[in-house]
Amino acid sequence: MIDPLKTYVVPVDYEKNIMASVKGREFLNTTTVHYLASLDLSNNNIVREIPAALMNLVGLINLNLSGNHLKGQIPQNIGELMQLESLDLSMNKLSGRIPLSLTRLQFLSYLNLSFNNVGPVFPVDR
């Protein structure tokens, strides 16, 4: 039984935890971070490639990374985010082909890749 008057020290593995703030409330999210439903990191001046770790967030429904300075290619395994309904990667510096795996996203109803250097729209198998 936990004694409410006693202080407990709980070890925290920062590799598997994230501090999240939702509507002004902060909470520590541990292994359930895989089931994060919405992630909006738009207009944050992020300068790098799209982090591969984002492709592990299999519960994402909305992902907005627009208005940053993301470079490189859209990850080939982006199609593993099977629950995605909205994906906004606009206004970055992405290049290369749009991954064919995007066609696996059955719930995707909004896709914005404008103001990048990506294409063709979807690679054609020959």
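**Briefing: an all-strand predicted chain**

Among contacts (heavy atoms within 4.5 Å) in the protein chain between residues at least 6 apart in sequence, 40% join residues at least 24 apart. The model is predicted, so local features need pLDDT of at least 70 and side-chain atom pairs count only at pLDDT 80 or more, while totals for chains, interfaces and linings use all residues. Residues are numbered from 1 along each chain as its sequence is written, and side-chain values use heavy atoms, with hydrogens and water left out.

**Overall make-up**
- The protein chain holds 9 strands and 0 helices (DSSP runs numbered from the N terminus: strands are E, at least two residues; helices are H or I, at least four).
- Of its 126 residues, 33% are buried (under 20% relative accessible area, 1.4 Å probe, protein chains only).

- Three strands form an open sheet in the order 5-7-9, with parallel pairing (two strands pair if DSSP finds at least two bridges between them).
- Its edge strands, strand 5 (71-72) and strand 9 (117-118), each pair on one side only.
- Strand 7 (residues 93-96) pairs with strand 9 over 2 bridges, and N117 in strand 9 is the bridge partner of S95.

**D88 and its surroundings**
- D88 belongs to strand 6 (residues 86-88).
- The side chains of D88 and S90 make a polar contact at 2.6 Å (a pair of N or O atoms within 3.5 Å; within protein, one must be able to donate a hydrogen and the other to accept it, and residues adjacent in sequence count only if both atoms are side-chain atoms).
- Beyond its neighbours within four places in sequence, D88 contacts L63, N64, L65, S66, Y110 and N112.

Conventions
Buried < 20%, exposed > 50% of the residue type's maximum accessible area, 1.4 Å probe, protein only.
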